[in-house]
Amino acid sequence: MPKGCSRNLSDTMAKKEKATAAKRNHARIPAQAAQSCPFCNNTDVVIASNRYAYVIHDKHPYVEGHLLVIPKKHFESIMEMDTKTLCSTMALVKKMEKRLVERLGVSGITIRQNWAPFLNESHLVVRHVHFHIIPRAPNDNLYYKVNRISLPDLRKEELVKRLK
Ligand SMILES: [Zn+2]
């Protein structure tokens, strides 16, 4: 095969990769979504963070110590996340699980990540990937609950302090 052919082939492949990357970035729709996204513009107390993700207390918690671990970059689903960000986000999930067990005496935990079609609480939907860390207790019947608890600001501040 003449040299020219292989160069043309690699040029074509590079163009194809560029087009695919552009398509992928377009599918993410970050610019407009990020402007109005509460997780891209967080104003809540950050309990812990690393280079790629941060942790806050859920604004509408199921139980005390219900945390959210959120990648700093705007992604709508796990499928869009690069491995480095995903691993760093999960490292923070692990860190906070440990703190909940050691500092709040939590005896069990559920990790949840909802992707839009599965959510029925549409008024709470934030289209920015986040992982729920939900402390569990024996017979808590968590999944039979309809209403979230009302957590006073003072109590929330105390929990955040203990986990910081
Ligand atoms: Zn966002």
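Two strands count as paired if DSSP finds at least two bridges between them. Strands (E, at least two residues) and helices (H or I, at least four) are DSSP runs, numbered from the N terminus. By these terms, strand β4 (residues 108-112) is joined to β5 by five bridges, and the two run antiparallel.

This is a predicted model, in which local features need pLDDT of at least 70 and side-chain atom pairs count only at pLDDT 80 or more, while totals for chains, interfaces and linings use all residues. Residue numbers start from 1 along each chain as its sequence is written.

**The sheet**

- Five strands form an open sheet in the order β1-β2-β3-β5-β4, with antiparallel pairing.
- At one end, two bridges connect β1 with strand β2 (residues 53-57), in antiparallel fashion.
- Ala48 has Val55 in β2 as its bridge partner.

**Strand β5 and its partners**

- Strand β3 (residues 67-71) runs antiparallel to strand β5 (residues 131-136), and three bridges join them.
- Ile133 in β5 has Leu67 opposite, and Ile111 also stands opposite Ile133.

**Helix α3 against the sheet**

- Helix α3 (residues 83-104) lies across β1, β2, β3, β4 and β5.
- Its direction is at about 20° to β5, where axes are lines fitted to C-alpha atoms, for helices over the stretch in contact, and angles run from 0 to 180 degrees between N-to-C directions.

**Ile134**

- Ile134 belongs to strand β5.
- A residue is buried if 20 or more other C-beta atoms lie within 10 Å of its own, exposed if 12 or fewer, and partly exposed in between, with C-beta atoms placed from the backbone.
- Ile134 counts as buried because it has 20 C-beta neighbours inside 10 Å.
- Contact requires C-beta atoms, placed from the backbone, to lie within 7 Å; not counting residues up to four places away in sequence, Ile134 touches Tyr62, Val63, His66, Ile109, Thr110, Arg112 and Leu142.
- Ile109 is 25 residues from Ile134 along the chain, and their C-alpha atoms are 5.5 Å apart.

**Pro135**

- Pro135 is likewise placed in strand β5.
- Pro135 is buried, because 23 other C-beta atoms lie within 10 Å.
- Neighbours within four places in sequence aside, the contacts of Pro135 are Val63, Gly65, His66, Leu100, Leu104, Val106 and Ile109.
- Between the C-alpha atoms of Pro135 and Gly105, 30 residues apart along the chain, the separation is 9.6 Å.

Technical notes. Contact = placed C-beta atoms within 7 Å.
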